[in-house]
Amino acid sequence: MSEKIKKLNVSKPLLLDCKKTVKDFPLAYETYGNLNKDKDNAILVFHALTGDQFVSGTNPVTKKDGWWVTAVGPGKAIDTNKYFVICANVIGGCMGSWGPKEIDKKTNEPFGLNFPVITIKDMVKAQETLLDHLGVDKLLCAAGGSMGGMQLLQFCSTFPNRTFSAVPIACSTNHSAQNIALNELARQAIMSDPIWDNGKYLKKNIQPKNGLAVARMVGHISYLSKKGMQEKFGRKLQEKADYEFSFDADFQVESYLRHQGFAFVERFDANSILYITRAMDYFDLSKQFKGGLVEAFKNQKTKFLIISFSSDWLYTTKENKDTVIALNAAGADVSFAEIKTDKGHDSFLINETEFLKTLKGFIDSMHVKFKNEKNEKRIQSNS
Amino acid sequence: MKKEFRVIADLLPKNIRVLDVGCGDGSLMSHLIKEKNIEVRGLEIIEENVKKCIYKGLSVIEGNAETELHQFPTKSFDFVILSQTLQAFYNPEKVLKDLLRIGKSVIISIPNFGYWKVRTSLLIFGKMPVTKTLPNSWYNTPNLHMCTIKDFFDFCIEKKININKVVGVNEESTSEITKSNLEIKNLFSKVGIFLLK
């Protein structure tokens, strides 16, 4: 498994928000396409809660499609024949980056709950080192949905001149009470599974599968809209003519959730869910700056396109618009589009034509602008 | 490009910041960037138009000017442009107030209900006018608050809004409108363009 995963050893010390300093930790990543001579075609993608670095093609570990195969690949909205796409597994994750299932050199055992509580900012700072490693001074674009969008907003705020354009999708500048509550539900599901054993299950080489599956089910409900779910499942029964008067999965929607839940435990680490959801809950960009959000986005040269989905109740259009308002107040260059769809929060991961067209249109037009800007700078420095 | 847009562009200095409210597919914005090196942002309610702007690399926010102008800070733009949409708002007075707050100057164009063809339609034929500038019928028009150039002129005076310049447009010809020629220009202009401070 490990030979399929590219890893950067981050040797530069990283001061975490919890005040601990770490260095020499692994950051797993993947790239698609090639960086061109002018280095004007690099796009950084940030993944969401349960994503990983395998954006496109086939994930070599799970053998499933990459998580954003609808948007990234040859001829896709983010065309890898044209662009150089980079994605790293977040720290705290479980696809090769430094996370709770990695071995703690001090104890020679998996970190478990000895792993420090990390934040979105910590994730982003770790990923910035990858750009140096790959020789990318300035990205053409950075994009991400959900937690990926939150990372992106943090990235732009912490490193204001590292990307020419940015597409934060279905996200917000802080986690709402409802989002924290849903994450807490997921964590409680894991922690109330006796197998979890205070995060020490890995020593016994087992997973709290039941708890982790329930956590995933909670997530799946929140990623779909009521209307979308009704259209997809309604009250349809799962391969049976009538109720069975039992607690088996009579309804299709139950069967779907159980399938999603138990497929997930094969590929994800329960402790990682605890750590990553915690990072999301702690995220509040305005809290990091005295002047609030306006200060967070001050002096932005990055061109933003914020995209929301009309039926997303996890990160609503209103929350996405609040980010637009903050960017406007800071005088940043910001565009905003709401995609009308019944498919809920998950819309950015599926084949949502209008969304993909908008994404492609923006990135392609930004590429032209970025090239022009680079040319102008070249002419200026030559004259 | 429409004559109206060319008049608006001529009213703008180079290298400034402009907000185009109701920017449509961005044709005025593209022109301003190319010809005047203006940093321009758009606000547009129609999703299809928003996408067209994005494909062109223009900065546009999907939203409703009636309810969402509050997001723009006070005096954050040198000019704010509103082309032929004031009459479609529920509360044009409130919108105008917001525009004057956001921009150091405001350019507003209005389809002139005092144009002679409009007047004759009502006077001679007794029917609500349908013209090139007012293409909809009474039952499907988005226009809620139609006014004439004279109406808007008087409105600005009443509300103590400083009128800097008024230009009347009739097809390809344009002329400056002043207090002294207001009556006649109100009869022969299809569109009135007001520069307000």
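Which residues in H9(A) are buried? They are A:Asn320, A:Lys321, A:Thr323, A:Val324, A:Ala326, A:Leu327 and A:Asn328. Here a residue is buried if 20 or more other C-beta atoms lie within 10 Å of its own, exposed if 12 or fewer, and partly exposed in between, with C-beta atoms placed from the backbone.

A few conventions first. This is a predicted model, in which local features need pLDDT of at least 70 and side-chain atom pairs count only at pLDDT 80 or more, while totals for chains, interfaces and linings use all residues. Residues are numbered from 1 along each chain as its sequence is written, and chains are lettered from A and ligands numbered from 1 in the order in which they are written. Helices (H or I, at least four residues) and strands (E, at least two) are DSSP runs, numbered from the N terminus.

**Helix H9 of chain A**

Helix H9(A) covers residues 317–329, and its 13 residues should span 18 Å at 1.5 Å a residue; the end C-alpha atoms are 18 Å apart, which agrees. The expected span is 1.5 Å times one less than the number of residues. The cover over the buried residues of H9(A) includes helix H2 (147–158), strand E12 (163–169), helix H8 (292–296), strand E13 (303–309) and strand E14 (333–339) of chain A, together with E3 of chain B. Just after H9(A), A:Gly331 takes a positive phi of about 80 degrees.

**Where the chains meet**

In all, 15 residues of chain B are in contact with 21 residues of chain A; contact asks for C-beta atoms, placed from the backbone, within 7 Å. On the chain B side, helix H3 (47–55) and strand E3 (59–62) each supply at least two residues, and H3(B) gives the most, with five residues. That side divides into seven nonpolar, four polar and four charged residues. Ala, Val, Leu, Ile, Met, Phe, Trp, Tyr, Cys and Pro count as nonpolar, Asp, Glu, Lys and Arg as charged, and the others, Gly among them, as polar.

**Helix pairs**

Two packed helices are described by the angle between their axes and the distance between the axes. Axes are lines fitted to C-alpha atoms, for helices over the stretch in contact, and angles run from 0 to 180 degrees between N-to-C directions.

| Pair | Angle | Axis distance |
|---|---|---|
| H4(A) and H6(A) | roughly 125 degrees | within 8 Å |
| H10(A) and H3(B) | about 30 degrees | 7 Å |
| H1(B) and H2(B) | roughly 40 degrees | within 11 Å |

Angles under 35 degrees count as roughly parallel, over 145 as roughly antiparallel, 65 to 115 as roughly perpendicular and the rest as oblique. H10(A) and H3(B) are therefore roughly parallel to each other. Between the chains, A:Thr358, A:Gly361, A:Phe362 and A:Ser365 in H10(A) meet B:Lys51, B:Ile54 and B:Tyr55 in H3(B). This contact has three nonpolar, three polar and one charged residues.

H1(B) and H2(B) are therefore oblique to each other. B:Phe5, B:Ile8 and B:Ala9 of H1(B) make the contact with B:Leu28, B:His31, B:Leu32, B:Glu35 and B:Lys36 of H2(B), giving five nonpolar, one polar and two charged residues.

A:Lys226 belongs to helix H5 (residues 226–232) of chain A. Is A:Lys226 buried or exposed? A:Lys226 is exposed, because 12 other C-beta atoms lie within 10 Å. The C-alpha atom of A:Lys226 is separated by 9.4 Å from that of A:Trp313, 87 residues apart along the chain.

Notes: Contact = placed C-beta atoms within 7 Å.
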